[in-house]
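Please keep the model open beside the text as you read.

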Amino acid sequence: FTAGILYDSGLEDLDPVAVENFRTVWATRSGNSAIGTLSLDQLLSDAGLLIDGGVTRAALGLLGTEAALRRHLAAAEVIFEYRSSDGSLPYQQRLEFRRGFFAWYEELWERINLRNDRQMVLDGLFRVEIPTFDEGAVREALLNAVSHRDYQRSGSVFIKQYPRRLEIVSP
């Protein structure tokens, strides 16, 4: 489904900030600085997000503007809620993200990390401080929730943070 081309969509439906975030992450992870010099068409084609000149649903899910997502991927929404205790039904904070993943993933990590307490763990004779939520694991879980969800089903991806756990539920 996400590989499908949206013939009534174009490059104007992509958020420039999300595109540059994607370019930076890809260049850094691959160690290929040439990615920074690719044209937009080449960048997206190389990533499989532009096929025969057509923007795919995956491109919108990762890089799309809010307006484009509302038109083409109405279910592409991520909702973050923070609850101060396991028994707390009402949330203390709620954020809604309706843009491509690369437009908001950094902001969401910053919100999670604001309440990322440190745990003391014994490592032999030494106490080591480790964060409750590992950044790499959280980012991978977020990307999986967005990338592998069923966009043909209604419903949002929900991320619920509690002091000692993080729940990610994807349709």
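## A first helix and its surroundings

The 15 residues of H1 should span 21 Å at 1.5 Å a residue, and the end C-alpha atoms of H1 are 21 Å apart, which agrees; the expected span of a helix is taken here as 1.5 Å times one less than its number of residues. Helices (DSSP runs of H or I with at least four residues) and strands (runs of E with at least two) are numbered from the N terminus. The model is a predicted one, in which local features need pLDDT of at least 70 and side-chain atom pairs count only at pLDDT 80 or more, while totals for chains, interfaces and linings use all residues. Residues are numbered from 1 along each chain as its sequence is written, and side-chain values use heavy atoms, with hydrogens and water left out.

Which residues of H1 are buried? They are Ala18, Val19, Phe22, Arg23 and Ala27, where buried means under 20% relative accessible area, exposed means over 50%, and partly exposed lies in between, computed with a 1.4 Å probe on protein chains only. Although proline 16 and glycine 64 are 48 residues apart along the chain, their C-alpha atoms are separated by 8.9 Å.

The buried residues of H1 pack against helix H2 (40-46), helix H3 (57-63) and H5. Two packed helices are described by the angle between their axes and the distance between the axes. For helix H1 (residues 16-30) and helix H5 (residues 101-114), the angle is about 75° and the axes are 7 Å apart; axes are lines fitted to C-alpha atoms, for helices over the stretch in contact, and angles run from 0 to 180 degrees between N-to-C directions. H1 and H5 are therefore roughly perpendicular to each other, a description used for angles of 65 to 115 degrees. Where they meet, Ala18, Asn21, Phe22 and Val25 in H1 are in contact with Phe102, Ala103 and Tyr105 in H5, contact meaning heavy atoms within 4.5 Å.

Helix H6 (residues 135-147) can be read in a similar way. With 13 residues, H6 reaches 18 Å from its first C-alpha to its last, close to the 18 Å expected at 1.5 Å a residue. In H6, the buried residues are Val138, Arg139, Leu142, Ala145 and Val146. They cover an arc of only 130° around the axis, which puts them on the same side of H6. The buried residues of H6 pack against helices H3 and H5 and against strands S3 (78-82), S7 (157-161) and S8 (166-169).

Now consider the whole chain. The protein has 6 helices and 8 strands, and buried residues make up 40% of its 171 residues. Among contacts with a separation of 6 or more, 58% are between residues 24 or more positions apart.

Terms used
Angles under 35 degrees count as roughly parallel, over 145 as roughly antiparallel, 65 to 115 as roughly perpendicular and the rest as oblique. The arc is that of the directions from the helix axis to the C-beta atoms.
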